Amino acid sequence: MSQIDTVFQSIPAPLLKDWGQTITYIKSSTPRNYNPTTGVVNGADVSVTVKGVITRVSPRESEGLYQTTDLKVIIGTAELGTYYPTEADSIQYLQAGATREAKIIAITTSRGDNPVLHTLIARPQ
């Protein structure tokens with residue numbers, strides 16, 4: 001186990017539990033299989049409830065790559081374990097009493113031997 005695992009692994013979970021909001025993380029099942037005979041796509045998404053902090057992407061961070069409506073979402077690994085988010089995944093969250101969905105477009109994982117937390121850039125759909 002690396003030093004970052006020993007020192008930082010336990011920090012995100014209690015902070016996100018106290019300060020985060022409930023988010024539904026949708027893991028896209030891969031691979032999906034298409035049956036050309038029936039026209040059916042097989043494979044189902046898996047939803048996991050996580051705690052996370054949602055903020056806006058600041059212009060300094062975006063380097064012109066992101067839209068002003070994009071979100072920065074910080075989630076821990078307590079619920080995801082060693083699963084690494086992908087750009088095929090998405091999130092659902094509450095905003096002004098309505099459920100919104102956002103597609104993950106960029107991921108930064110802070111880690112040692114194992115992930116400690118994930119910073120996601122998500123684009124509302």
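Contact here means that heavy atoms lie within 4.5 Å. The model is a predicted one, in which local features need pLDDT of at least 70 and side-chain atom pairs count only at pLDDT 80 or more, while totals for chains, interfaces and linings use all residues. Residues are numbered from 1 along each chain as its sequence is written, and side-chain values use heavy atoms, with hydrogens and water left out.

**Exercise 1. Describe the overall make-up of the protein chain, from its elements to its contacts and surface.**

Step 1. Helices (H or I, at least four residues) and strands (E, at least two) are DSSP runs numbered from the N terminus, and the protein chain holds three helices and eight strands. Their order along the sequence is α-α-β-β-β-β-α-β-β-β-β.

Step 2. Among contacts between residues at least 6 apart in sequence, 57% join residues at least 24 apart.

Step 3. With buried meaning under 20% relative accessible area, exposed over 50% and partly exposed in between (1.4 Å probe, protein chains only), buried residues account for 32% of the 125 residues in the protein chain. The accessible surface, from the Shrake-Rupley method with a 1.4 Å probe and, for residues, with only the protein chains shown counting as cover, comes to about 7600 Å², of which 54% belongs to carbon and sulfur atoms.

**Exercise 2. Identify the residues of the largest nonpolar core that touch the most other members, and the elements that supply this core.**

Step 1. A nonpolar core is a set of buried Ala, Val, Leu, Ile, Met, Phe, Trp, Tyr and Cys residues joined through side-chain atoms within 4.5 Å. The largest one has 14 residues, and those touching the most other members are Tyr 25, Val 50, Val 73, Ile 75, Leu 80, Ile 91 and Leu 120.

Step 2. Two or more residues come from each of strand S1 (21-27), strand S4 (46-56), strand S5 (71-76), strand S6 (90-95), strand S7 (98-111) and strand S8 (115-124). The most is given by S5, with three residues.

Step 3. For Ile 91, if residues up to four places away in sequence are not counted, the partners include Ile 23, Tyr 25, Val 73, Ala 102, Ile 104 and Ala 122.

**Exercise 3. Characterise the aromatic pair and the surroundings of its two rings.**

Step 1. Rings of Phe, Tyr and Trp (its six-membered ring) pair if their centres lie within 6.5 Å, and planes under 30 degrees apart count as stacked, over 60 as edge-to-face and the rest as tilted. The structure holds one such pair. Tyr 25 and Tyr 83 form it in an edge-to-face arrangement, 6.3 Å centre to centre and with 75° between the planes.

Step 2. The two residues are 58 residues apart, with Tyr 25 in strand S1 and Tyr 83 in the loop between S5 and S6, and the pair thus links distant parts of the chain.

Step 3. Tyr 25 counts as buried because its relative accessibility is 0%, whereas Tyr 83 counts as partly exposed because its value is 23%.

Step 4. The charged end of Lys 27 sits over the ring of Tyr 83, 4.5 Å from its centre, where the criterion is that NZ of Lys or CZ of Arg is within 6 Å of the ring centre and within 35 degrees of the ring normal.
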